[in-house]
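The structure is shown first.

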Amino acid sequence: MTLKSLVTIDVGSVQTRAMLFARVEDRFRFVAAASAPTSLRGPDPDVLLGAIRALEHLSAISGRPLLDPQGILIAPELSTGAGVDVCLITLSAAPPLRVVLGGIAPEWSLASLHRAAAGTCARVLEALSVISPDGSRRTEEEWLYALVAAEPHVVVIAGGVDGGGTRPVEALLEAAVLAAQLRPEEERPLLLFAGNALLREEAVAMAGRQIPLRVLENVRPRPGVERIGPVVEELDRRYVEQAAMRLPGLSALQGWARGEILPTARALSHVARYLSLETPERGALVVDVGGRHVVLAAAYGGMLAQVVQPDSGIGPGILSLYQRRGYERIARWLPQEIPPEALETLVWTKALHPLSVPQTPEEMWIELAFVREALSEAWERLHVLWPELGRTIRFFEPILLSGGAFAAHTRPGALALAALDALQPIGLTTLLWDPVGLLPGLGALAALDPGSAVEAITGRPWILLATVLAPALESPVAPDELLFTFEVHHRGPDGSESVYEIEARGGRLEVVPIPEAGETELRRFRMRRPVDLGWGPRRAPRRIRIPGGMLGLIVDGRGRPLRLAEDPETRREQNQRWLWDVGALGGAL
């Protein structure tokens, strides 16, 4: 496929973003972006209206007519240059799926189903197991009651290796089918069976024509093998189906699209997989903090570990996030004391008016404190669901920051600090920033036409926020204790050379400007204590080439794990010092 032009539309819970890609000088490139509020509120919600407004803005910015007089997308592209060849749509605006999981044991089939559900926009209401962790067992009547009370959109049943025992899984299937029959026909959940292959025909017979059923590959076909991809795909498909029924205008918008609407989380996973191919020994992490959901997509060694945290973000999801995390956890990131009532006022303002932006530095600190907690919560879940990541979970390169929460702020140092506080990377990594929301469109393009996606991504359509050098420290360090030194060597385009020494000190962040033009290397590391920069204690390569960027190089000497002071006043002083170190403290917005 050779695309001349493409528009992507990402329908978020707060904003709808439209991106234009086109072939320029025989290369497929990002051209322009525009956004408009997603029309989900008011007496006549209509997501199509938000998409039309975003496309109108995009037409004005790019100079390319995209809509006909009736407000319909022009496709394919006309000989006059109006319109585009293809439209792709991604979606995160719909509420999460309500899901019930069923399996034999929490550490086997249920663990796989939890991973599958975590990778989609789903809320797990119940997890039914034949064998519980404490050895007790719920009766089949209790299973039935739980299934009926949950009112799920989807029930996923797994369990048993192919060719193994069948009776425990049969009991789960029987309970799921009976619970579905007790609901009105139009409200019956979709039943997904991803267990022992011997039960596939029996599952079809149990469901009959009354219960919607899809039979999938076993998530655990044999010991040591896990295949959750088909379950993830079916949950994504069901999410879009439910959204089409619940979001006015989405079905009409779908008529513009080439192929199916893609959940935004799935599109982000495509970008993470691609970036991980560039650094296979480190992997890549894509982070998206939106208005209603948070997504972490980690690709490493051919494996994708993804978490979609619903009822989170900095918009409609902020109230649920605050209720879960609480005042103390939010306030620990603030550089000054803010009473609970003032913080709660901002929470309600943001939940009711998600398009509002911070008007004072204090409001910005509060929003970024919520960003930290949203990321920390999703990070904790990622670590629990994929324990095999182990220590590598802190060594991703690069880390790509996206979503409305990162796009809404104008102090790059504050954004970088929020990401470092929450994710706490170790070693050498780069922070990339997607301020216009390109990633969902790039991911959708990768699913349609990988060649064009590679061309667009190769052009690096995001901003290099900073290169980060962060040591792991097994024990606490004294404030300002010298940890290590190194030299920065820069050769300019004109051949000029400069050398300067940098000291990394405990509890501090050092920002070193790095010019984008020319070449920069880090050399002559001298360790003053056994710090680990990712190559082992007291070890570092002789030369490390790094790129220039908006902030340059950030040397984070605060150690891993990050230790916040227990005393509130001392902790606020810590936050003030770190904000000062990254150049984000003081001045008006």
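Buried means under 20% relative accessible area, exposed over 50%, and partly exposed in between (1.4 Å probe, protein chains only). This is a predicted model, in which local features need pLDDT of at least 70 and side-chain atom pairs count only at pLDDT 80 or more, while totals for chains, interfaces and linings use all residues. Residues are numbered from 1 along each chain as its sequence is written, and side-chain values use heavy atoms, with hydrogens and water left out.

| Residue | Relative accessible area | Class |
|---|---|---|
| Glu187 | 41% | partly exposed |
| Ser5 | 0% | buried |
| Ala414 | 1% | buried |

Helices (H or I, at least four residues) and strands (E, at least two) are DSSP runs, numbered from the N terminus. Glu187 sits in the loop that joins helix 4 (167-181) to strand 8 (190-193). Together with Glu151, Glu185 and Glu186, Glu187 forms a negative surface patch. Such patches are made of residues with over 30% relative accessible area and no salt bridge, like charges being joined within 9 Å; a salt bridge is a side-chain nitrogen of Lys or Arg within 4 Å of a carboxyl oxygen of Asp or Glu.

Ser5 belongs to strand 1 (residues 5-11).

Ala414 is part of helix 13 (residues 412-423). Ala414 and Trp580 are separated by 166 residues in sequence and by 9.6 Å in space, C-alpha to C-alpha.

Conventions:
Patch = residues over 30% accessible without salt bridge, like charges linked within 9 Å, V, L, I, M, F, W, Y side chains within 5 Å. Areas by Shrake-Rupley, 256 points an atom, 1.4 Å probe, with all protein chains shown as cover. Lys, Arg positive; Asp, Glu negative; His and termini not counted. Charge placed at Lys NZ, Arg CZ, Asp CG, Glu CD.
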